[in-house]
Amino acid sequence: NNWVVARSSGNFTPSIVGQRLRLTQAVGDQSTSTTYQRLFPAASNLVTIEFNHYAYNGSGADGIAVVLSDAKVTPQPGAFGGPLGYGFKPGISGFAGGWLGVGIDEFGNFSGEGGVANVGQRRQSVAVRGSGVGTSGYNYLKGTCNNGTTNINGNCLNPIVDNNGSANHSYRLTVDSRIVGQSMVKVERNTGSGYVTLIDSFNAMAQAGQAAVPEDFLLSLTGSTGGSTNIHEIDNVRICAL
């Protein structure tokens with residue numbers, strides 16, 4: 001009752017399946033969002049979000065995004081496929097009011113499309129995109145393969161981010177805006193041996209085209225599929241805001 005669901009592509013809307021929040025089915029060309037109906041002060045605040053992530057029973061695409069958006073704008077998911085419901089495609093707007101989108105990306109196109117600034121495909125990666133409106137902005141900011149380096153299998157992360165229907169992959173996103181002119185963003189993951197830094201703390205406000213920190217955030221979880229698919233689910237969402 002505390003969450004509002006939406007979709008911009010496909011016929012599926014997020015729902016509880018097996019006591020998890022299912023964001024997509026293993027069906028092509030889906031884009032969905034689930035928004036928590038509570039404001040979190042953003043400016044001059046510290047926000048930490050943790051959750052468990054599952055992606056399985058498909059052909060390896062596309063992924064999910066954790067979205068922090070301007071609470072003054074009614075949330076609406078962005079494009080299906082590579083943009084992970086956060087970025088845009090030609091003729092399809094990005095996430096309404098989007099300020100930051102952290103993508104957990106199986107196929108790798110969250111780094112290669114969905115914004116004005118892209119860096120190319122980064123398979124099995126985590127990447128951060130910035131603020132945008134309509135079909136402008138949503139720039140690539142940072143990721144786990146910033147220099148394009150991958151392991152022997154062409155993936156950025158090991159363990160990979162999908163094929164984990166029963167594994168417990170936990171993620172932590174921290175956004176620290178307590179110093180004027182800064183919003184320090186950090187992404188960590190725990191695959192069973194404690195949290196490990198995936199994207200070290202960087203100042204999102206220093207990135208080209210990034211909008212000012214809004215007064216309040218809304219938290220949304222988006223999911224997408226494209227030509228390839230996966231079931232995407234979330235569990236144990238935990239939010240701490242000072």
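This is a predicted model: local features need pLDDT of at least 70, side-chain atom pairs count only at pLDDT 80 or more; totals for chains, interfaces and linings use all residues.
Five bridges join strand E14 (residues 184–190) to E15, and the two run antiparallel. Strands here are DSSP runs (E, at least two residues), numbered from the N terminus, and helices are runs of H or I with at least four residues. Two strands pair if DSSP finds at least two bridges between them.

Residues are numbered from 1 along each chain as its sequence is written, and side-chain values use heavy atoms, with hydrogens and water left out.

**The sheet**

E14 and E15 belong to an open sheet of seven strands with antiparallel pairing, in the order E2-E3-E17-E6-E13-E14-E15. Strand E2 (15–17) and strand E15 (196–203) stand at the edges. Each has a single partner strand, so one side of each lacks a neighbour in the sheet. Neighbouring strands of this sheet are turned by 30° against each other on average, direction ignored. The angle is taken between axes, which are lines fitted to C-alpha atoms; angles run from 0 to 180 degrees between N-to-C directions.

**The whole chain**

The protein has 17 strands and zero helices. Its radius of gyration is 16 Å, close to the 18 Å that the globule rule gives for 242 residues, so the protein is as compact as a globular protein of that length. The radius is taken over C-alpha atoms, and the rule is 2.2 Å times the number of residues to the power 0.38. Further values for the protein follow.

| Property | Value |
|---|---|
| Span of the C-alpha trace along its principal axes | about 45 × 40 × 35 Å |
| Residues that count as buried, of 242 | 55% |
| Accessible surface | about 9700 Å² |
| Part of the accessible surface belonging to carbon and sulfur atoms | 47% |

Buried means under 20% relative accessible area, exposed over 50%, and partly exposed in between (1.4 Å probe, protein chains only). Accessible areas come from the Shrake-Rupley method with a 1.4 Å probe.

**The cysteines**

The structure holds one disulfide (a pair of cysteine sulfur atoms within 2.5 Å). Cys145 and Cys156 form it, with their sulfur atoms 1.9 Å apart. Both cysteines sit in the loop between strand E12 (140–143) and strand E13 (169–176), eleven residues apart. Cys145 and Cys156 are both buried. Cys240 is partly exposed, with a relative accessible area of 45%.
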